[in-house]
Amino acid sequence: MDTLVFALLNGIIHGLLLFMVSAGLTLVFGMMGVLNFAHASFYMLGAYFAYTLQGIVGFGAAVALAALLAGAVGVAVERWFLRRVHHHGHAHELLLTFGLSFIIAETIKLLFGNHPVDYRVPASLDFAAFTLGSQQYPVYRLLMGGVAIAMFAALWVLLTRTRVGIVVRAAIYRPRMAEALGHNVQLVFMGVFGVGAALAGLAGAVAGAFYTTNPNMALEVGVMVFVIVVVGGLGSLGGAMLASLLIGVVTSMAVGVDRSIADLMAVLGARAWAEGIGGLLTLKVSSLAATIPFALMLLVLLVRPRGLMGEES
Amino acid sequence: MRDSLRTAARRALPVMATLTTLTGLAQAAPVKIGLLETLSGPQASTGQSFRSGVRYAIDKLNAAGGWNGQPVQLIEYDNQGGPAGASDKLKAAIADGVQIVVQGASSAIGGQITEDVRKHNLRNPGKEIVYVNVGAEAMELTGEKCNFHHFRFTGNAQVRTKALVAGMKQAGTLGAKVYTINQNYSWGQDMERAVVDNAAAGGYQVVDKTLHDTNKIQDFAPYVSKIVASGAETVITGNWSNDLLLLMKASKAAGLKVRFGTVFLDQPGNVANAGETAIGHFIAHAFNPESGGPASTRFVDDFKAKTGHVPVFVEPQAVFGLEMVAEALKRTKPQGDALNVNAFAKVLEGTRIRTPMGEVSMRAADHQVLMPMVVSMVTKDAKYKADDTDMGFKPVKVFTAEEAAAPVQASCKMQRPD
């Protein structure tokens, strides 16, 4: 029972964290049609900004500043890079962000070295929230989950309940009409891209302390974030949330399952046969945990190509 | 663009070849050692550690006069972290006239290189190359894949685990319940087997074991839950890089009170990042500057003078390995002003040197080095601190090469040239 509760909680919180990163990606894609390969790089930038600043301004302020700085970098990228190639089409934008991700990673390596940096959860937040059985649950994990939920709520309210949200949505669906009505569409795009980058930066600043802050963190999370956005449906914020939670929980649960297809065969009385064949049939589910999201993506692409909550195009 | 480059290269090649032959007439070509390491991408930090050790040893060899009156030439190739890249770069190295190939990071890459080297040598008699393995520790490399032109200058899963278990048992911290968690590829699987094999010697029971994807997992909390559920007192793991760090951080976050027995805890950044969590954890490694007396201090000081830091992680084993290569080169006579690789390999088989840790020798039967192993524990009263923290590795026990050795695997059927 304890194990189940922990597995569920672990999965949900890791899912929420993944959502924090994927929210910006899906938002930018949904609104601007830009598949931003450098998105996870903003996540990494956030962590390194917070690491650099925490000695000067303290942990809380460093996290907030890191998000703002990552957002500022995002704004700069949109204003001076993406806007220039926009009229060449999506392929150019994609290549640009792809190249950018390499430049950011190499710059980080130059400045901070190849090894993980010493960025840790501050002692004041480093205690157990509760203990169940013989296992403690760190309060920082709950905090990460809380930040993600607050972020989701704020975004939702901003986009659906405020004037800014109306303008943003109008600029996305009918850019020319919005422009004719006197709205600055360029500014909206820049803002959306900046917010997307800031959200990723926030996620990085928060998660970098709990996991590790190293030059590969963009790669580590980047692939998973793309999987989430595809599974959830490109451009759908709700879909990204659903897919993140699904992937988080499924991966976490899978780790605890030491069963293989051979065990399933045992029900049919064919265990010996399955074990004789070996290979895929005797592979434990737990050793495949990190691969399951990709299988899920494949399944979604086959059955429902627009994603769980994506709109039909 | 690319094509025109290729044509240009094709045109230039014969010219370059002629030039080489011409200069070859003037004086003997130097021996070329190719370092085929992971120098870019996610695992670049490991590859760069191997490189700094190799560079140090080669510089030392050249300072002592090189080979056949000429400095030995070190050429570096970036295998980009995968077997496919390594295979490609090996071809480039062979084309460049490299006779000795050095590699260490990742057994998957090592497995590819040793196979490629074996095939090349079969097809090109008289133009053999030799593979100096300074870090790939999977058992198969000296087992079913063992071949005459492969030499391993590092421990392996059995050697590391045997030392780790004996050292931790002697320190009274091993406990009776051991959990083993490893990366799901040749090295991790070998570690898992080794932990099970050493159960009787260590007097423990393996309560559970896990294999997981390599350097892909961000959240280790689910794995830690599993360790908690098993009631383990000690976790033995062959994990390296992020997989080790994240595992330790997740254990600490869950308040898990276990000892970790590791192989790669001394990778730069690990101790700093783990913080106090690291205290009390163990490692089986090839060198600890605190043991070995004045010889160790001399080595550490010289290494520091040349590279700017104390040798850690895989650097010492790379240095010792290349020192054995240098020793064997010294005792190999040139044949017509060139290096005969088979003659060199035969000398290397019987090479024996003294390192600060003790006597190191090559075992001819399977080309596995016999080297002393040190088991160390992370404490605050270590003499050499890790990563600018107040913690470091304090030696618990030094095992001589004979004590640390694991027997030759029956699966090794080595074919020697005449």
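Guide: Helices (H or I, at least four residues) and strands (E, at least two) are DSSP runs, numbered from the N terminus. The model is predicted: local features need pLDDT of at least 70, side-chain atom pairs count only at pLDDT 80 or more, and totals for chains, interfaces and linings use all residues. Residues are numbered from 1 along each chain, chains are lettered from A and ligands numbered from 1 as written, and side-chain values use heavy atoms, without hydrogens or water.

Visitor: What volume does the largest cavity have?
Guide: A cavity is a set of points on a 1 Å grid over the protein atoms alone where a 1.4 Å probe fits but cannot get out. The search finds four cavities of 30 Å³ or more. For the largest cavity, the volume is about 80 Å³.

Visitor: Which element gives the largest share of the lining of the largest cavity?
Guide: Lining residues have an atom within 4 Å of a point. At least two each come from α1 (2-32) and β2 (135-138) of chain A and α9 (242-253) of chain B. The largest share, four residues, comes from β2(A).

Visitor: How many residues apart in sequence are the parts tied together by B:Cys146 and B:Cys412?
Guide: These two form a disulfide (sulfur atoms within 2.5 Å), with their sulfur atoms 2.0 Å apart. B:Cys146 lies in the loop between β4 (130-133) and β5 (150-152) of chain B, and B:Cys412 in the segment after α14 (401-404) of chain B, so the parts tied together are apart by 266 residues.

Visitor: Is B:Cys412 buried or exposed?
Guide: Buried means under 20% relative accessible area, exposed over 50%, partly exposed in between (1.4 Å probe, protein chains only). B:Cys146, at 7%, counts as buried. B:Cys412 has 13%, so it is buried.

Note on methods: 1 Å grid on protein atoms, 1.4 Å probe; cavity = no way out; pocket = protein on both sides within 12 Å on 5 of 7 lines; lining within 4 Å. Points joined across faces, edges and corners; volume = space filled by probe spheres on them.
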